[in-house]
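This report looks at a few local features of the structure shown below.

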Amino acid sequence: MPVFRYPTVSGVTRRVRAALGLGAGVTRGALPEPTSADGRSAGSLAPENMIWIFGTGRTGSTWLAAMMEEPEGHDVWFEPRVGTVFDPQRFQRQGGKHFILASQYKDVWLRSIRNFILDGANARFPELAGEDGGYLAVKEPGGSVGAGLIMEAMPESGMVLLIRDPRDVVASWLDATRKGGWQTRRRGEGGRRAESLAETNPNAFVRRHADAYLQHVGSARRAYEAHEGRKVVVRYEDLRADTLGTMKRMYGELDVPVEEARLAKVVEKHSWENIPEVEKGQGKFYRKATPEAWREDLTRRQVKTVERITAPLLEEFYPTDPTEQEG
Amino acid sequence: MIQDAWRKVRGRGESPAGEETGDMRPENLVWVFGTARTGSSWLSAIMGEIGGYSRWHEPLVGHLFGNLYYERAGHRSEDEHFILGDRYKELWLSTVRRFVLDSAAARFPEVAGKGGRYLIIKEPQGSIGAPLLMEALPESRIILLVRDPRDVVASNLDAHKKGTWTADLMRKGGKEKPPSLAESRPDAFVKGQARRYVRDVGNAKKAYDAHRGLKVLVKYEDLRADTLGTMKHIYSALEIPMEEAELARSVEKHSWENVPEEEKGEGKFHRKAKPGGWREDLTPEQAEIVEGVAGSLLRELYPVRSTA
């Protein structure tokens with residue numbers, strides 16, 4: 001049966017540790033000291049078997065996570081929001097040595113963040129424990145603001161930077177948050193505010209979500225750049241165009257062994273075509289799945305707003321076709 | 001670990017030395033909760049001056065965990081995947097416990113170990129997470145420091161106007177203070193500050209009420225009226241040692257009268273220190289806004305004044 005890149009877990013561990021050893025003390029400081037909860041002891045999840053998915057909401061992370069959950073011995077931690085706890089932007093004004101996350105004591109609190117994550121993972125996914133244990137994908141787009149600290153605390157883990165054209169992301173949120181949209185309904189059920197800026201001031205809504213995109217994906221991008229372990233950029237558009245090929249490339253880059261025939265079945269099971277038609281469409285969680293649908297969904301002014309705010313990321317990941325540029 | 005801590009508190013036994021990493025003993029931590037502008041800087045300065053005490057100035061660890069747990073993701077408490085989900089609360093409280101003790105030991109090695117020193121943790125702005133911190137550290141001592149919410153809001157209203165000490169503070173950090181609602185929409189600012197008071201003092205009081213260890217409620221107004229007497233009451237209620245003459249010296253050193261005149265007044269960190277000053281500072285409508293938002297806490301903490 002064809003498989004792609006089948007390294008053993010311990011082999012991966014050795015390589016990652018070796019790679020990290022080269023960088024330790026140069027750009028990232030020392031690896032957090034092992035503690036009782038460092039995942040090294042028998043019966044604990046190996047940190048190198050964790051794969052973090054960062055980006056932002058509406059980039060296909062639920063779809064990707066659903067596929068990553070399927071292989072035998074794989075599981076998904078669905079939005080723990082650990083990154084939100086340690087969101088450095090919340091505390092930009094706190095620079096003193098007394099602040100709990102003061103840079104002078106980084107080695108101490110990075111170890112705490114590591115323990116916080118591993119304790120939480122081990123309690124929830126005990127079946128993945130041990131050196132020959134399985135893999136845990138952590139779907140954490142909403143916690144991307146803390147991606148940098150998480151990856152610094154978990155340097156052996158793998159990282160997926162999942163991105164999508166910000167114009168499509170904003171268009172998707174606009175649809176979800178309008179009256180009757182899935183997000184509006186969910187908030188209503190949860191007792192949270194149901195009124196939406198999407199209805200009352202859509203242009204302001206677009207601006208706010210473009211800002212959020214820049215903050216979330218920008219943080220994830222910086223974390224990706226700094227991470228010296230296994231990592232891969234996955235574009236939603238590539239995932240839509242060639243799901244199996246993109247999944248194979250992703251697992252390959254992450255050195256995670258997956259049987260190709262099994263992966264093909266997983267891809268097929270979770271394909272857009274296999275979602276019942278009644279669950280798809282405007283205002284639903286599964287909306288269009290059509291890259292560049294923003295051309296139909298956003299006004300010209302809204303497109304300009306998103307392009308202006310997210311310019312650094314847009315230019316990097318979605319460079320403009322010169323033939324499309326205005327004169 | 002938390003269960004063990006509870007057993008020790010109930011039996012009034014001490015934690016075995018070395019139980020925690022860094023040898024920081026949780027019973028040697030004294031938390032000061034409340035909200036900003038309640039006199040917590042003054043109180044902690046007096047306490048930090050006494051021999052055998054160190055002061056941790058606003059670690060904001062309560063805000064770190066409390067903000068997500070109570071505000072940003074409060075609706076996910078029953079979600080098993082949520083990192084602060086209730087099902088795994090004992091587990092993550094243990095991690096919070098280690099986090100605090102490790103961080104304290106790294107900063108204040110003189111308090112760690114068997115030296116018998118105490119650490120005063122001034123944490124009014126982390127009070128949103130006070131219930132979580134005290135649940136994680138049940139052996140710790142707690143001071144609930146309160147002040148009439150109308151005076152607190154009046155003090156904040158003054159502090160956030162243009163050219164005040166908060167702008168100086170931001171400038172020192174390399175940033176310019178953005179325009180504040182205190183200038184453009186003062187009534188909206190007052191409402192926001194009253195809500196903040198309810199959030200902070202409300203959660204600090206929840207922690208205080210639930211705490212089965214040593215604790216004391218301190219009113220700013222009492223501290224102003226009889227500083228030495230109130231301070232002695234604090235040490236007595238918390239069963240922590242002090243030498244009375246040394247305390248008297250610290251009280252004198254940090255008295256309002258000893259703050260230089262040029263450092264006091266409108267727009268300054270040391271403003272009025274005058275209980276009931278809100279009558280001059282707030283409009284009747286603004287006072288009504290605060291009484292409406294913080295009415296429940298006001299009636300509970302200031303029953304006589306609430307008849308206004």
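## Arg37 of chain B

In this predicted model, Arg37(B) is buried because its relative accessible area is 14%, and buried means under 20%. Arg37(B) is found in the loop that lies between β1 (29-33) and α2 (40-49) of chain B.

The backbone at this place has a further feature. Arg37(B) is not a glycine, yet its phi is positive, at about 70 degrees. Most residues other than glycine have a negative phi.

## Asp255 of chain A

A positive phi also occurs in chain A: for Asp255(A), a residue other than glycine, the value is near 60 degrees. Asp255(A) is placed in the loop between α11 (243-254) and α12 (260-269) of chain A. Its relative accessibility is 10%, so Asp255(A) counts as buried.

## Strand β4 of chain B

## Strand partners of β4

β1(B) and β4(B) run parallel and are joined by 4 bridges. In this pairing, Val30(B) stands opposite Arg141(B) of β4(B).

β4(B) also runs parallel to strand β5 (residues 215-219) of chain B, with 5 bridges joining them. Here Ile143(B) is opposite Val216(B) in β5(B).

Key
Residues are numbered from 1 along each chain as its sequence is written. Chains are lettered from A and ligands numbered from 1 in the order in which they are written. This is a predicted model: local features need pLDDT of at least 70, side-chain atom pairs count only at pLDDT 80 or more; totals for chains, interfaces and linings use all residues. Side-chain values use heavy atoms; hydrogens and water are left out. Helices (H or I, at least four residues) and strands (E, at least two) are DSSP runs, numbered from the N terminus. Buried means under 20% relative accessible area, exposed over 50%, partly exposed in between (1.4 Å probe, protein chains only). Two strands pair if DSSP finds at least two bridges between them.
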